[in-house]
Amino acid sequence: MYSRELQSAPQAGLQERRAHGATSRALGHVVACSGSTATLLAVTGGEAGDIASQLTVGKLLSIVVEERRVVALTRAARATQDHWRGGEANEFLVDLELVGEVRMGDDGVERFSSGISAYPYLGAPAHQIRSMDLMRIYDNGKRENCVVGKLSQDETIEASIHMPSMLSRHFAIVGSTGSGKSTAVALLLREAIASDPKLRVLILDPHNEFAAAFPDKSVVIETGNLDLPFWLFRLEEFAEVLFRGRAAVPDELDALRDLIPEAKRGFRGAEAGSRRLSEKNGITADTPVPYRIADLMALIDERIGKLDGRNEKPYLRALKLRLAAAINDPRYRFMFSSNTISDTINETIATIFRIPGGDRPISTFQLAGIPSEVVNSVASVLCRMAFEIALWSKGAVRLLVVCEEAHRYVPADANLGFVPTRQAIARIAKEGRKYGCSLGIITQRPGELDQTILSQCSTVFALRLSNERDQEIIRKALPNSSGSALSFISSLANGEAIAFGEAVPVPMRLKFNRVPENRLPSAHGVEVEEAELDPSSINLGMVVDRMRSTGGPDISDFQSRISAVEASIFDAVVTASSGDDIDLPSLRLEPDASPLEPYNPGMLPGQARLEASDAPRADSRLDRYSSLLKSEFRREDPPSAAPNAREELSARRQSILRKPLDSLIKR
């Protein structure tokens, strides 16, 4: 932190001037001045010494005007002649941008002001700016400052930002790949949670890189331990999942809008046919109330059965197939697992948004394992819930949503992206500060980001940007910033940034503090892990399993069918080995059977499948296959009681399993 006692000393400037003595001589003199710029004439080389090294682009100077010191930023330098004489004196011109002035207040304390009350006169001397003046320039006069680095011009001076202003009015970190964005995010978030114990941070991490940056302050949420119930999704978000990112079919969407509320009322024990009760409950397709997919599919079957015209059935059949495909897709396990059937909204909020959170207030939500066509829906649900939690908690919880690669969620083109996600993030940007919900935007392409969202970020950390369009976007988003400060943004070093906005009094060029190796984003850890592996040692089967998302419990239709067939054969083997006579029905497949498979509760996840299996239902095609397998096994002679009976049973079981199912069916 700044030494306020030293800053507020009335004779601080005089003491520093005496301490520097001979080094305080003029670097040049003003030869031109306008409303916001000035030109300096300087001489370097020969008896004048090396003056040019102190007048490089991007440095601050002070120009003495009466009792004031006008602060100016060096933006360009050029020689007065078309050649340079080595070892001799050379004249050159320096273009300056006037930033403000340091002047004595009524209380006898020198302070920095962004306005200029007295402009430099021709011949006014320019000096190297004093360290104390630099401290006054970047001091906002507030106590809640956090040190995040050092000033680029003088690394002995700490670079501080006002953390409450940065969080309450949103912030953005922009920069090209490799410029140090992720490291800057890790540093700023650590300072943020240290300054506000009530703050809870949700990081939408598309590259799974922030888990290693907060090993002691965060929990990692990935597809393996994520339970985000499907009933938390609004209708548009759920349709995005069912239609895999494509445009929804209007008829199917209307059917979902009508049937989902019925399924929700059925879960809560309400009378589905009571219109008055539905109006009283106010349950819609967007209400976050649990329901069972089994009930929804049963309602679809009921509507199909009530329809008289065959022309109205195809879209309902297609909707039913979409639901079956979604719940049987192992990549969507986090939405349709057995834990998502009951009312677990409290547990979901507590886990994702860290309420109460304990000593781990950060939640890193890893999106890399989530299917790309569902990422937008998941981001929409999380951002919407963050705003609503902050709204209805009435200030008890402060939430910060950090969107990495934000241009993917809120692109500049209004025709691109997912509309609910754009609306959820825009609502936080426009209204979140009123209720304690903040937004952090991280992007490498600000030109592809919605400018309305960027303009709501009152503090911007601009790291190296090489694209001219991106630089122009930053200039437009920050009309009050120094134009010359952005002129060298393409040449910033790694970890160096220019900070603008509410958190700093004037544009500040700074170098972020270094982060320990064990707190860097996980991209570094991935490089180390990859170095230990090579094509000869990698487990290819494990890679394929990850591609197919077959790790953990599988709810796919294929696996459920195979398990049922194996269970049926095992039962038949046990019955045959006991010697009891069994009576198995002889079944056949009807040649005119409908190609649409009957409703099978085996397609449902977890508890819903068990509950549905207890109810009486018609034999499915899978049951007929199982019965035929039993019949085929019964035709064989019963095994004898010889000592090797178990081996014979095992061999016979394997021979039956190797037969195609079609060969067991008598047509």
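**View 1. Arginine 433 sits in helix H14, which covers residues 419–435.** Helices here are DSSP runs of H or I with at least four residues, strands are DSSP runs of E with at least two, and both are numbered from the N terminus. This is a predicted model, in which local features need pLDDT of at least 70 and side-chain atom pairs count only at pLDDT 80 or more, while totals for chains, interfaces and linings use all residues. Residues are numbered from 1 along each chain as its sequence is written, and side-chain values use heavy atoms, with hydrogens and water left out. With a relative accessible area of 46%, arginine 433 is partly exposed (buried is under 20%, exposed over 50%, partly exposed in between, using a 1.4 Å probe and protein chains only). Together with Lys142, Arg169 and Lys434, Arg433 forms a patch of positive charge on the surface (patch residues have over 30% relative accessible area and no salt bridge, and like charges are joined within 9 Å).

**View 2. Helix H5 runs through residues 181–195.** From the first C-alpha to the last, the 15 residues of H5 reach 21 Å, close to the 21 Å expected at 1.5 Å a residue (the expected span is 1.5 Å times one less than the number of residues). Which residues of H5 are buried? They include Leu187, Leu188, Leu189 and Ile193, and Lys181 is also among them.

**View 3. Glutamate 66 and arginine 68 join their side chains in a salt bridge.** The N to O distance is 3.5 Å (a salt bridge is a side-chain nitrogen of Lys or Arg within 4 Å of a carboxyl oxygen of Asp or Glu). Glutamate 66 is exposed at 62% relative accessible area, whereas arginine 68 is partly exposed at 23%. Look around the pair, too: Glu66, Arg68, Glu101 and Arg103 are linked in a network of salt bridges.

**View 4. Arginine 244 meets aspartate 329 in a salt bridge of 3.6 Å, N to O.** This pair links distant parts of the chain, 85 residues apart: arginine 244 is in the loop between helices H6 and H7, and aspartate 329 is in the loop between helices H10 and H11. Is aspartate 329 buried or exposed? Aspartate 329 counts as buried because its relative accessibility is 12%, while arginine 244 is partly exposed at 26%.

**View 5. Glutamate 496 in strand S17 pairs with arginine 509 in strand S18.** Their salt bridge has an N to O distance of 2.7 Å, and the partners are 13 residues apart. Glutamate 496 is buried at 5% relative accessible area; arginine 509 is partly exposed at 24%. A search of the whole structure finds 28 salt bridges.

Conventions
Patch = residues over 30% accessible without salt bridge, like charges linked within 9 Å, V, L, I, M, F, W, Y side chains within 5 Å. Areas by Shrake-Rupley, 256 points an atom, 1.4 Å probe, with all protein chains shown as cover. Lys, Arg positive; Asp, Glu negative; His and termini not counted. Charge placed at Lys NZ, Arg CZ, Asp CG, Glu CD.
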